[in-house]
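Me: I would like to go through this structure with you by question and answer. Please keep each reply to what can be computed from the atoms.

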Amino acid sequence: MRSITTKLILLIMTAAVVPLVLFAAISINSLRSGTRQSVTEGNLNVATRAAEQISSYVSNSVDVLRAIGAELNGTRLNEWQQDRIAKNFVLEFPEFREISFFSADGTVRATSRIGAPHLDPPAADTARKVLVSPITIDEDLLPTTRLSVPVAATAGGPGGWIVAELSLEELWRMVDRIRVGRHGYAALLSSDGRLVAHGDPDEKRHIARGELIPEHDLAASLRAGRGLAMSYTDDDGARKLATGALVKPFDWAVIVEQPHEEAFAIARRLERQLSIAIIVALFITVAVGVGWSRAFISRILALRRGTEALAAGHLDARVTIGGRDEIQQLADAFNAMAQRLEELQESLRRQERQATFGRVAAGLVHDLSHPIQNIANSCKLLFHSWEDLEFRSVFRSNVERETEAVKNVLDDLKSIARPIPLERSPTDVNGHIRDIAEGMRAAAGEAGLTLVVDVPATAVYASANEYALGRVYRNLIQNAIQATAAGGTVTVSSERVDSRVRVRVADTGTGIPPERIETIFEDYFTTKKRGLGLGLAISRRIVDQLGGAITVDSVVGRGTVFTVELPVTEAQVV
Amino acid sequence: MLKAAMKDDVQRFFHPRLEDILSLDATGDREIRVRTRVPRLLTLDDLTDLPLAPLPGGRVLAPFVSGTVSEEGFTARGVPNYFRGASAVNVVEFRSHRSLRAAWAALMRDEIDALYEVNRDAVEFVEREQRVRVYPFLRPFVSTLMFNVNRPELAPADVRRALSRIVDRDAILKAAYRGRAQPADGPLRPGHWVLGEVPSTRRSPASADVLPRNLRIRCLVAPEVETQPFERLALVLQKQFADSGVDLELEAVTMKELGSRLRVGDFEAVLLEAIGGGPTWMYGLWHSPSSGPVRFIANGYAAADRELDAMQMARDEEELKRAVAAVYRKMADDPPAIFIAWPEVARAVSTRFEVPVEKGVDIMGGNLWLWRPARR
């Protein structure tokens, strides 16, 4: 059985804590995934914008070369004029280190260089489309690429190729300008996996060394058309979030990297704050729940204590509970009930006292009226037969007997009210019961009963008060005679069992109903129409005082057996 | 040591005023008495410019002395008894690399500690590297468009003066040097102590009015010179000249061809870097060969000989300054060349070293002996 405390805790856990924990788990998870998605998308936007800018930068350069090609090819300028225009363009667009114009057969038609061009035209069989060479880092540590733009033949000129060396320093600046947070940088990888630019100053040496760094997983993933973002652990063991975008159509890749620690700092701070808030809420919920439960349970426990006190007979127990709720109403009802019970008990006691007094009074009247009547009758005869000596003797005998009877009744009352200490001495139990039984054989005979005395001849001694024990025996035998109809049998027997001696008084009378058998040894209990009902109560007290026990077995309609059991003593009367 | 140095033919060639010295006597720990034929201030200039070899057992006047020399480079050894204190660096090893990138990679691999010179185009990149500090400085060379005054079209001084005035130096600095240079106003580097007020070199497009129509100048250029953005500088000059109606025809030549043609005067103009040392170097470069000791370029210029001679004869600083100012005025009035820019380059040093910086002092040429390993 679960206590109400356990049930209340389970209720709080179920109703408050579990939902709160679930809410926390869902919130933190949502916050984490949402923030990660937001940061990733933000970084991805940065990478995408950078890729678009780079692509636009190169495309613009290609457009410039197309325009230069058109001007050089279509304006029927002579050679030195074309050459001068090429030189002017290289000054006007300083990102071009060299601009050279070749005819379709590879002949130099104009160049911005002083002397021969350093660039070569595409091979004759090259498809006539814009060619962008892989990015290289030149001897001056600067990134460059070579652009070859076909110039179509027109009426003004035979066409050919515009070939230019494009310095990509501007890309460095673009990449350097990209900062995500304090430690998030961008990097540009060429199509062959070479690091071309990196915003992190510590990584620039990789560029200068011209090393082919291992292909970045994200770049490979991008080229394979897979994910745009990934997390990885760098050489220093730091987790990084990398997002990337391809620079189309050049197959370069812009990677934006940011340490997890920084990228998700806000999310972690929010998670921490949310966790703290939820923990505090949990703590408050549990504390309030426990406090409320204690307050609630304490009132119920107060009710329980009151109920237990009431059950223990403390009808004056009352419950004091504050509040204005059902529990308080229950406490009021309990107190009203206890008050009512107390009043009823008092009333019952009063009635019982009255009944007991009536029964005692009736018993006294019964027990005392006969001897007193006998004494009164004898006194009446005394005036007439004063001279009769024999009468005087009888009178004396009657008065003494009846006075003794009155005295016995009064002694019984006295014994009930205040037991008298018994003086004990070794008593032959067998001899004593035999004498008592034989003394009552006449009374049994008068009742039409057979009195059987089955007592061993051997003496068995017990430490007892012979007078008191005699009252017990007489009372039991007398009750048996009175409870047995004529023709029945009253059997008195004894036996020694180990260190105890048992005396039984059995009858074949009406028996005692089970619901009454528990109360037959109580004071003033009687099944008879007359008498105080003190016999069995006095008998039990005497036997108890002698260290023995008295028990009863009875079957309604078959009879009753009273057993007196006393401890045996080896001592004998000297 | 001075006497030994003065006997060296090479030093006598580069320091002609040593001829004036009759005797040298040490009159104290820090005093030398010099007796000369004539009292010229520049005699001392030559004397103090002599490289001195240490004498056995004595205190030396240089923090380093030359060590081994090989094809890969050379070494300099720190001198323990240098009179200003021993260098914390015991040996300096100079190595040549095939390219700046190779040198840079070596620096990044900690194989070397410093780059002697970083190209201006790469400075922006190098500056971003946190393991390296960059120390910019002006090279002691001035970008110069030198005229051959023997050529008839360039013989008139007003033509050369007009050509000098049509040049927009600020635009050149921006387009050719990315701003990493200072405009030049003469053959002496800016801030030299002998310089006072110098004639303005401000651009004056109206000067082109005096130029003959269809003036065409052939200019030699050696684009392979790595230390100069000659090609872009030449193109910018060409454009500025063209804007004023002058056709500057650029002719690319090799360094070898350039040297031979300059010596015989086979040119109209040449774009080169001229040494920008002190007055002695100025005298040697710009005085006519008839009286000057050193002349590599036969450009026929002698207009400033009188002022340069006066400079040579200056007895004191004020007289020297007045003479230099006169040379500048003469060169502005009758220019032998267009002095364009003093390019700025940079040294790059690993942060493993602490390098003291003193204004106007090259961290390698002047303060190398003060470098200290950085405390980590």
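Reply: Before we start, a term: a residue is called buried under 20% relative accessible area, exposed over 50%, and partly exposed in between, using a 1.4 Å probe and protein chains only. This is a predicted model, in which local features need pLDDT of at least 70 and side-chain atom pairs count only at pLDDT 80 or more, while totals for chains, interfaces and linings use all residues. Residues are numbered from 1 along each chain as its sequence is written, chains are lettered from A and ligands numbered from 1 in the order in which they are written, and side-chain values use heavy atoms, with hydrogens and water left out.

Me: Are B:R261 and B:E251 buried or exposed, and what is the N to O distance between their side chains?
Reply: B:R261 is buried, and B:E251 is buried too. B:R261 lies in helix 9 (residues 255-264) of chain B and B:E251 in strand 11 (residues 247-252) of chain B, so the pair ties together parts ten residues apart in sequence, where helices (H or I, at least four residues) and strands (E, at least two) are DSSP runs numbered from the N terminus. Their side chains meet in a salt bridge, meaning a side-chain nitrogen of Lys or Arg within 4 Å of a carboxyl oxygen of Asp or Glu. The N to O distance is 2.8 Å.

Me: Which residue of chain A is linked in a network of salt bridges with B:R261 and B:E251?
Reply: Side chains of opposite charge can pair when their charged atoms come close. The network that holds B:R261 and B:E251 also includes B:R151, B:R216, B:D247 and B:E257. From chain A, the network takes in A:R84.

Me: How many salt bridges are there between chain A and chain B, and which residue of chain A does B:R178 pair with?
Reply: Over all chains, the count comes to 41 salt bridges. Between chain A and chain B the count is three. In the salt bridge formed by B:R178, the closest N and O atoms are 2.3 Å apart, and the partner is A:E169.

Me: How much area do chain A and chain B bury between them?
Reply: The contact, meaning heavy atoms within 4.5 Å, takes 30 residues from chain A and 34 residues from chain B. Buried area here is the accessible area (1.4 Å probe) that two parts lose on being put together, summed over both. With 54% of it on carbon and sulfur atoms, the buried area is about 2800 Å².

Me: How far apart in sequence are A:R113 and A:E98, whose side chains meet in a salt bridge?
Reply: The salt bridge of A:R113 and A:E98 spans 3.1 Å from N to O. A:R113 is buried at a relative accessible area of 12%, and A:E98 is buried at 0%. Since A:R113 lies in the loop between strand 2 (108-111) and strand 3 (131-132) of chain A and A:E98 in strand 1 of chain A, the pair ties together parts whose separation in sequence is 15 residues.

Me: Which residues have the most contacts inside the largest nonpolar core?
Reply: A nonpolar core is a set of buried Ala, Val, Leu, Ile, Met, Phe, Trp, Tyr and Cys residues joined through side-chain atoms within 4.5 Å. The largest one has 111 residues, and helix 1 (residues 4-74) of chain A gives the most to this core, with twelve residues. Leaving aside neighbours within four places in sequence, B:L163 is in contact with residues including B:F147, B:L154 and B:F241. The residues with the most contacts inside the core are A:L188, B:L163 and B:F241.

Me: How far is A:V501 from A:L566 in space, C-alpha to C-alpha?
Reply: A:V501 is found in strand 17 (residues 500-507) of chain A and is buried, with a relative accessible area of 1%. Apart from neighbours within four places in sequence, its contacts include A:V429, A:V460 and A:L566. Although A:V501 and A:L566 are 65 residues apart in sequence, their C-alpha to C-alpha distance is 5.4 Å.

Me: What percentage of the residues of chain A count as buried?
Reply: Chain A has 14 helices and 19 strands. Among its contacts between residues at least 6 apart in sequence, 63% join residues at least 24 apart. Of its 574 residues, the percentage that count as buried is 42%.
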